[in-house]
Amino acid sequence: MSVDALAIVLWALSVAVTVAAVVLVVRTITRMVRIVHLGRPDPTRSASPGRRLWTMVKETVGHTRMFQWSAVAAAHWFVFAGFIVLSLLIVEAYGEVISPDFELPLLGGWGVWNIVVEILGVTTVVGGVVLIVFRQLAHPRRAGRRSRFTGSSFWQAYFVEIVVVIEGLGVLLVRGFKSATGYLDAPSWSDPVARGLGAIVGGNDAAIRLMASVKVFSAMVWIIVIALNITMGIAWHRFTVWPNVFFKREASGAPALGALKPMMSNGAPIDFEKADPEVDVFGAGKIEDFSWKGFLDFTTCTECGRCQTQCPAWNTGKPLSPKLLVMSLRDHAYAKAPYLLAGGGTDSEGNEKLSEAELAELRHRDPLAALEAGRPLVGGSEVDGIIDPDALWACTNCGACVEQCPVDIEHVDHIVDMRRYQVMIESEFPTELGTLFKNLENKGNPWGQNQSGRLDWAKDLPFEVPVVDGVLGDDVEYLFWIGCAGAYDDRARRTTRATAELLHIAGVGFAVLGEGETCTGDPARRAGNEFLFQMLAQQNVETLGEAFGERERKKIIATCPHCFNTLLNEYPLLGGHYEVLHHTQVLNRLVREKKLVPVADPGRDAKVPVTYHDPCFLGRHNRVYEPPREVLAAAGLVQAEMPRHHERALCCGAGGARMWMEETIGKRINLERTDEALATGAKKIVTACPYCNIMIGDGLTARQAEGLGDGVQVLDVAQMLLTSVKG
Ligand code: SF4
Ligand code: SF4
């Protein structure tokens, strides 16, 4: 074949494959947009567009969330940069097929461009190989359930990574051939790789044409494959991550932690006084009940499994994996989409919107979609459910998945939305939650204790604890929020007492609500009972309003991170705006101000370390990591970190209302965490949350019954400081 004939054939093939790729991908993108629009409206996602734009650029270009995992993130960043920059060389490749000396106008002869291309060509190949090797090393056949790729598609990942390597090699080889044939019009300092390769491979026009067409073909085959696989998140996230990050829940750029997403219906937070079950949506009972952002989340999952590796439920053998949950929702959404796009769905009474004839037509045209439409969103294998109830109720709301997700998927909000529907519409929830709800409704606390016992914790204190009576006096700086655990649980009461004593010693004016306090509603909300949460929260907002009166700064101290989080982040939705501090923050400040002076150290003599367990709702949800550690350091204590700490700390197993549910599948999470703490050799496991205190305390009791952890204690930061201050 003559060179001209070769050029014509390659050009014709390149054009043909490109046309096919463009047609298919445009069709798929159109379909994807239509499917994402099947989700419910959510107008809260575009406030502060400037900040959102900045977050998007920072997180995508800077890989700021990915760099929590450095080596893989570096490889991924080079592949990402190569994809963005080297895509221009696909354009150049069309020209090279026709005319081997073709180069991009303006850029082709520019030294900076050439050196950038050389660097990215090499790093793209290396990055692609590193990702393939890493995927092999972390393969489930080695790590089993611990592998972050368990349940991820391997062929899709390898396909994407191999195309990356081919594209990188294609860029370098074409440059090598062009250098050898004298077509590379670049300053000599800017093309060392091309010259080196050119000296090895030589070059001629046919080689350039062939290699350029390989570049075009591999790129177009990649596009065709992803166009034919609309749920191939590992490829599609290259495009969907941009809007997914832009429209993330928090305009500030923070992850979707802290407060839960308000319960939305028709684009507005639900108002139970006006809510109409005929019109309003109560959580997510069907895939189409999720918002369009939910659909975009599901589409964007890359199946990287970072969330899975951090999930306490998955790590202790439970059926919940945040990755598999998101993948299941994605696959279901796209499989059911033809039915929804045809106008399918059910009204509030469960009646089908499509006529019999329309349903018959759908069954004929797309039998799988018709079948998928019949699957319940939440249900066990006996009903072919999408999300197993055991998975749904295993979530502790610890937020580790949200924290780690590089593309800002909002797992916790989606999980709680499904719980909301199960609780408020289906009345389907673990039986233990029935008791919790009843206790909260009737007694205002999860334990079902009498309200009259709310001040029992203060009985043996050597001073009188002021109780709010009317509006807080000028001598009161803080309202001390005790919380249900702090009032009724024996271990948590010790923390409450220690904190009160320390405030008293430091001369800080505080008062408590006593019998005026009721549960913040956190367990109800996390369990999906939004109605009960709002009832309790409104009552508290009213009580707090009366206590604070016209005061400008409404300062609250809480020892329970769940109360802290709810008061600080969730009460504003109901009109309650307060300055809420965790007791470890206040104590740390008092130590710095020398109002509290630690004078002795119960652990220092033996040089036995203490280990601090980060409560999820203090750490990950609210970024309070250092104050508790600083208090311990001020007391002169040697601290040994557990392998999982700070952002990656393992949950104690109590959040998300799990405190009140049985844990019958896999290893108990509190035992897993207790084992980790004991392995540090610490004699004191210190925490800053009554739930963690109870859970790890129970774990320790269980281990001590087996002869482990002799002499070890579980204590709160406040107890440690009080011992130290008292000397
Ligand atoms: S919030 Fe925690 S328990 Fe729930 S899915 Fe995420 S990592 Fe798992
Ligand atoms: S949800 Fe996020 S962290 Fe989990 S697999 Fe998907 S992209 Fe990765």
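I began with strand S5 (residues 555-558), which runs parallel to S6 and is joined to it by four bridges. For the labels, I took helices (H or I, at least four residues) and strands (E, at least two) as DSSP runs, numbered from the N terminus. I note that this is a predicted model, where local features need pLDDT of at least 70, side-chain atom pairs count only at pLDDT 80 or more, and totals for chains, interfaces and linings use all residues. Residues are numbered from 1 along each chain as its sequence is written.

Next I looked up one bridge: Ile 556 has Val 580 as its partner in S6.

I then traced the whole sheet, which is open, has four strands in the order S4-S3-S5-S6 and pairs in parallel. Strands count as paired if DSSP finds at least two bridges between them. At the edges I found strand S4 (510-511) and strand S6 (579-582), each pairing on one side only.

Then I turned to the domains, whose bounds come from an automatic or database domain assignment. Domain 3 covers 440-592 and domain 4 covers 610-726. Their centres, taken over C-alpha atoms, are 22 Å apart.

Which residues touch? I counted 30 of domain 3 in contact with 30 of domain 4, contact meaning C-beta atoms, placed from the backbone, within 7 Å. On the domain 3 side, the elements giving two or more residues include helix H22 (490-506) and helix H26 (583-592). H22 supplies the largest share, nine residues.

Methods: Chains lettered and ligands numbered in written order. Contact = placed C-beta atoms within 7 Å.
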